[in-house]
Amino acid sequence: MSTNKTTVYYAKSLSDVIFHLKTIPQLRIYGGCTSSEKLAPSSLIINKINDFLLIDKHEHFMEFGAGVTLSQILNLGKKRIPSVLFDAIESIAYPFIRNAATIGGNICAKGIRHTLFAPLLALDTHLELQSPSSSGFIPMMKFHTVPENCMISRIRIPSEEWDIAIFRRTGPDNTLSDASASFAFLANTHKGILSDLRIAFCGLVSIRSKELENNLIGTKLPLSDKAIQSMLIEASSAFMTKAAGIKGKDEVLSLLEAQFLNLLSDSLSLLTL
């Protein structure tokens, strides 16, 4: 079907997807089509393929097909998925949008990083990239965009317990703009020591720095004011490094930096108790 120079294809199976990826240049794959962006000139709809609708629970991780809807994940309940992921999904738009929007679509959406990116990044999620010739998992920290003639087929999320798990969303309600961002903070302690720390902030600027996290991992608790202030200085520097290539948006970048540092400060304060 062709409309306004856009050709839309429909795949009924994984083999259909592979065939289209092989034969159609610059093909763009869509699931629930809930984004406001226009369809690409060559678009493939995959929301009815069973391979992308699987939900598997393993001992140390969960796997979701890229076509699993946000409502399906939410319906599993907060006790069965990481709480930061549950809270992030619950913050997205309205139920009728979550009924159509998919986890793969949220990750792959063009423009600013969408709501699930920060919690999935903090959780050390891995993404299965599949092309006509190969497939394999990559850490989400190494994911920038879906390569040409490739797709995300599965999302693997480690099942870990966290002493502190925080998700926050900034910007306007029920929509995304340059001022929108999501924040995830995860921390574990052991015998009075900060044993693990994950910090992610994603939107127009996306940050997850193991170097930044390692500044505090191994620190005795409670955290001192000096340690928190030092961390905030390092976090500001990390933000500015990531924002350096974004031109013409100084005002919104200043707002996002302030939001990031405020959220981080509030989260770190829980480790002073």
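**Entry 1: Ala 122**

I began with Ala 122, which is found in helix 6 (residues 117-122); I take helices (H or I, at least four residues) and strands (E, at least two) as DSSP runs, numbered from the N terminus. The model is predicted, so I note that local features need pLDDT of at least 70 and side-chain atom pairs count only at pLDDT 80 or more, while totals for chains, interfaces and linings use all residues. Residues are numbered from 1 along each chain as its sequence is written, and side-chain values use heavy atoms, with hydrogens and water left out.

Is Ala 122 buried or exposed? Ala 122 counts as buried, because its relative accessibility is 0%; buried means under 20% relative accessible area, exposed over 50%, and partly exposed in between, with a 1.4 Å probe and protein chains only. Leaving aside residues up to four places away in sequence, I find that Ala 122 touches Ala 184, Leu 186, Arg 198, Ala 200 and Arg 208, where contact means heavy atoms within 4.5 Å. I also looked up Glu 63, 59 residues apart from Ala 122 along the chain, and the C-alpha atoms of the two are separated by 16 Å.

In helix 1 (residues 14-23) I list Val 17, Ile 18, His 20 and Leu 21 as the buried residues. Seen down the helix axis, these buried residues fall within an arc of 165°, so they line one face of helix 1; the arc is that of the directions from the helix axis to the C-beta atoms. On the face turned away from the buried side I find the exposed residues Ser 15, Phe 19 and Lys 22. The buried residues of helix 1 pack against several strands, among them strand 2 (6-10), strand 7 (126-130) and strand 9 (151-158).

In the loop between helix 1 and strand 3 I stopped at Gln 26, which has a positive phi of about 55° although it is not a glycine. Gln 26 is exposed, with a relative accessible area of 62%.

**Entry 2: nonpolar cores**

For a nonpolar core I take a set of buried Ala, Val, Leu, Ile, Met, Phe, Trp, Tyr and Cys residues joined through side-chain atoms within 4.5 Å. The largest one has 40 residues, and those with the most contacts inside it are Phe 64, Ile 103, Ile 107 and Leu 116. A second, separate core of 32 residues includes Ala 179, Leu 194, Leu 253 and Leu 264.

I then turned to helix 9 (residues 250-269), whose buried residues include Leu 253 and Leu 264, as well as Glu 257 and Gln 259. Helix 9 has 20 residues and reaches 28 Å from its first C-alpha to its last, close to the 28 Å expected at 1.5 Å a residue; the expected span is 1.5 Å times one less than the number of residues. What covers its buried residues includes strand 10 (164-170), strand 11 (181-190), strand 12 (193-203), strand 13 (206-207) and helix 8 (225-243).

Strand 10 pairs with strand 11 over 7 bridges, and in strand 11 the bridge partner of Ile 166 is Phe 185.

In the loop between strand 11 and strand 12 lies Lys 191, a residue other than glycine whose phi is positive, near 50°. Lys 191 is exposed, with a relative accessible area of 77%.

Strand 7 and strand 8 (residues 135-139) pair in the antiparallel sense over 5 bridges, and a hairpin joins them through 4 residues.

**Entry 3: cysteines and a cis bond**

How many disulfides are there? I get a count of 0 under the rule that a disulfide is a pair of cysteine sulfur atoms within 2.5 Å. For Cys 150 the closest cysteine sulfur is that of Cys 108, at 9.6 Å, which is too far for a bond. For Cys 202 the closest is also in Cys 108, at 14 Å, again too far for a bond. Cys 150 is buried at a relative accessible area of 13%, and Cys 202 counts as buried at 0%.

Last, I noted that the peptide bond from Leu 221 to Pro 222 is cis, with omega near 0°. Pro 222 lies in the loop between helix 7 (210-214) and helix 8.

Conventions:
Pairing = 2+ DSSP bridges.
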